[in-house]
Amino acid sequence: MTSNAHRSRSIRRHPGATAVALAAAAALLAGCSSSDDTASNPLDEGQADGSTVVVGSNNFAESILLADIYGEALKAKGIKVSYKPNIGSRETTYGLLKNGSITVLPEYNGSLLAYLDPDAEQTSRDAVNAAAKAKLDPKLTLLESSPAEDKDSVSINAETAEKYELTADSTLADLKDVAPELILGGSPEFQTRQQGMVGLEKVYGLKFKSFKALDAGGPLTQAALKKNTVQAADIFTTDPTITKEKFVVLQDPENLFGFANVTPLVYKSGLSQEGVEALNAVSAKLDTKTLLDLDSQVQLENKDPLDVAKAWLKSAGLG
């Protein structure tokens, strides 16, 4: 995903989990910590002491859930963990990783590569990981990727699908003639990314009527698509609202949105070998079906992501 960037809930230590302006997120979170393992300000760039692994997340619900999974898996090995949840987009979190303010961040391999090298080809998961590692800051590395994928998509609402006779078998190319009649919604970053409007025009020739800046596949985007304020939007492929609201995900035969395997991005000197092995064990057991189920528990059933993370880790023998 390119960013996967996404969804939200009113949850423990994540009351601002909707994608919001970074300043607003900082203001919301500065006084909201209810746990002594949570940083009071997610944008604080101070490094934790060397004995603490700082697990960060981007500003969407799945990233927060994955951060809880990573953090609790590390805790199960006796590693001290603190959290910096709901920070913002990749443009912000990457900088915090480089300076060591964050030790571990849930990432999506192809989306990260597109950020590091917009022109890089994505031919396989291993090739994507190798290319991303080559472009990373030398202080950072990617651990093993999970089979779980959550990638960007251009999805349309049921009304638009019916109007233009588009189905789940339709492709982005089928949108070319009607795109000038449609408003596209997504995060502000989606408007300027290769895995966004830039690539949609370059690869598929899509020129939309306009773009409406919302959040990263989160409740603002979902609501706008449901209400037909926008007719197409960047919705993530493990988002339970696709089924709930009968959104139609358009196929991407040119692989614009590439690979999006959930992969830990790590500040190398901040994580022990035991920590590396703990996170690789998570990746080995996390697949797309499981991720969709966990997302559904958080986003549709309103469960606390920390509780969901702990329950899954226990069921997988990792907690």
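Start with helices α2 and α12, whose crossing is right-handed. The model is predicted. Select residues 61-75 for α2 and residues 305-315 for α12; the two helices pack at an angle of about 50°, with their axes 8 Å apart.

On the α2 side, select I64, L65, D68, I69, E72 and A73. They meet P305, L306, V308, A309, K310, W312 and L313 in α12. Colour the contact of α2 with α12 by class and you get 10 nonpolar, no polar and 3 charged residues.

From α11, select T290, L294, Q297 and V298; from α12, select P305, V308 and W312. These residues make the contact. By class, the contact of α11 with α12 holds 5 nonpolar, 2 polar and no charged residues. P305, V308 and W312 of α12 also belong to the contact with α2.

Next, go to helix α4 (residues 109-116) and helix α5 (residues 125-135). They pack at an angle of about 40°, with their axes 9 Å apart, which makes α4 oblique to α5. Which hand does this crossing of α4 and α5 have, left or right? The crossing is left-handed. Select N109, G110, L113 and L116 in α4, then R125, V128, N129, A131, A132 and K135 in α5, to see the contact. The residues of the contact of α4 with α5 divide into 5 nonpolar, 3 polar and 2 charged.

Finish at the sheet. Its 5 strands form an open sheet with mixed pairing, and the order to follow is β7-β6-β8-β5-β9. At the edges are β7 (210-213) and β9 (248-249), each pairing on one side only. Select residues 183-186 for β6: 4 bridges join β6 to β7, and the two strands run parallel. Within this pair, I183 stands opposite S210 in β7.

Last, select residues 219-226, helix α8, which packs on the sheet. Helix α8 touches β5 (154-156), β6 and β8 (232-234). Compare the direction of α8 with that of β8: the angle is about 165°.

Terms used
Residues numbered from 1 in each chain as written. Predicted model: local features only at pLDDT ≥ 70, side-chain atom pairs only at ≥ 80, totals over all residues. Heavy atoms only, no water. Pairing = 2+ DSSP bridges. Contact = heavy atoms within 4.5 Å. Axes fitted to C-alpha atoms, helices over the stretch in contact; angles between N-to-C directions. Left-handed = near helix turned anticlockwise from the far one by under 90°. Nonpolar A, V, L, I, M, F, W, Y, C, P; charged D, E, K, R; others polar. Parallel < 35°, antiparallel > 145°, perpendicular 65-115°, else oblique.
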